Amino acid sequence: MSTLDVATAGLAPPRARVVRARPRPLSLTLRAALPAALVVAWWAGTASGAISPRVIAGPGAVWSAFLELARNGQLVDFSLASFGRAAAGVALGVSAGLVLGLLSGLSALGEELVDSTMQILRAVPFLALVPLFIAWFGIDELYKILLIAVATVAPMYAYTYLGVRNVDRKIVEAARGFGLTGFRLVAEVIVPSALPGILMALRVCLSISITALIAAEQVGTQEGVGYLVTLAQEYNRTDYMVLCVVLYALLGLVFDVLVRLAERYAMPWRKQVAIR
């Protein structure tokens with residue numbers, strides 16, 4: 001159809017769409033705008049007396065608590081302890097979920113053997129397993145890591161399974177036509193095609209791991225952010241309580257940055273095809 005025919009039909013002629021990247025400083029400013037506005041509102045509410053310090057401590061008190069813990073070294077030790085537990089649990093749960101998702105998505109026999117059990121596990125809230133895990137594994141590090149692993153294995157399995165099942169069959173057949181089979185077919189064709197779903201699963205698992213970490217560190221812990229929460233509750237230190245919330249938020253932010261970096265290097269083409 002010519003340009004004249006397009007105009008006659010009442011349609012606009014096609015135009016090239018040029019995507020211009022937003023300047024990096026402006027992008028970072030926009031990302032920080034809403035958190036900064038929340039901090040300003042928090043500061044204004046506590047400074048004016050509209051919010052009682054017994055309800056929530058002000059930014060100044062939280063900063064003082066931060067400096068106090070930083071000076072005595074507990075801040076670094078507790079943060080590293082929590083990060084280590086979360087990382088170990090996520091690594092275990094994500095690895096198991098990835099393997100089971102690939103097994104179930106690639107094979108009908110694997111789906112028959114695995115899927116029903118994983119759906120049952122997905123339906124059980126992991127917080128309901130806390131008493132059983134304490135009875136089985138005690139209150140040491142093993143209990144905490146396994147609880148985080150169980151919390152993250154089901155989301156990883158579900159997203160991996162769906163990602164593998166949604167791989168275009170024509171791509172798989174074309175790869176087989178070029179001689180790719182077995183492990184090479186899975187590693188070089190199926191997994192890269194399912195990578196968007198897998199990375200989304202990783203993002204979800206990291207978010208859930210924070211909740212599991214909070215639950216795990218409430219019992220039998222003498223080191224970690226959860227132990228700091230227990231102390232804050234015992235002594236009614238709202239500044240410590242808010243600081244713990246901030247530390248958990250920063251931990252989640254670190255996880256999100258890691259996933260974004262993985263997406264950037266594993267799927268560089270996504271930035272070019274996104275409708276933004």
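Helices here are DSSP runs of H or I with at least four residues, numbered from the N terminus. With that in hand, the predicted model can be toured. Local features in this predicted model need pLDDT of at least 70, side-chain atom pairs count only at pLDDT 80 or more, and totals for chains, interfaces and linings use all residues. Residues are numbered from 1 along each chain as its sequence is written, and side-chain values use heavy atoms, with hydrogens and water left out.

An unreviewed UniProt entry annotates "transmembrane region" at residues 25–44, 86–108, 120–139, 145–164, 185–216 and 240–262; such annotations may be inferred rather than shown by experiment. Among these spans, residues 185–216 are 97% helix and 0% strand, with end C-alpha atoms 39 Å apart. Residues 240–262 are 100% helix and 0% strand, and their end C-alpha atoms lie 33 Å apart.

Next comes a pocket (on a 1 Å grid over the protein atoms alone, an open set of points where a 1.4 Å probe fits, with protein on both sides within 12 Å along at least five of seven lines). The second largest pocket has a volume of about 280 Å³, a volume being the space filled by probe spheres set on the points. Its lining, meaning residues with an atom within 4 Å of a point, includes G105, L106, R165, R169, R176 and L185. Helices α4 (74–106), α7 (141–165), α8 (169–177) and α9 (182–193) each supply at least two lining residues, and α9 gives the largest share, four residues. By type, the lining of this pocket divides into seven nonpolar, two polar and three charged residues, where Arg counts as charged and Gly as polar.

Helix α6 (residues 130–137) packs against α7 at an angle of about 140°, with axes 10 Å apart. That makes α6 oblique to α7, oblique being what remains after under 35 degrees (roughly parallel), over 145 (roughly antiparallel) and 65 to 115 (roughly perpendicular). The axes of α4 and helix α5 (residues 108–123) come within 6 Å and cross at roughly 130°, so α4 and α5 are oblique to each other.

Key. Axes are lines fitted to C-alpha atoms, for helices over the stretch in contact, and angles run from 0 to 180 degrees between N-to-C directions.
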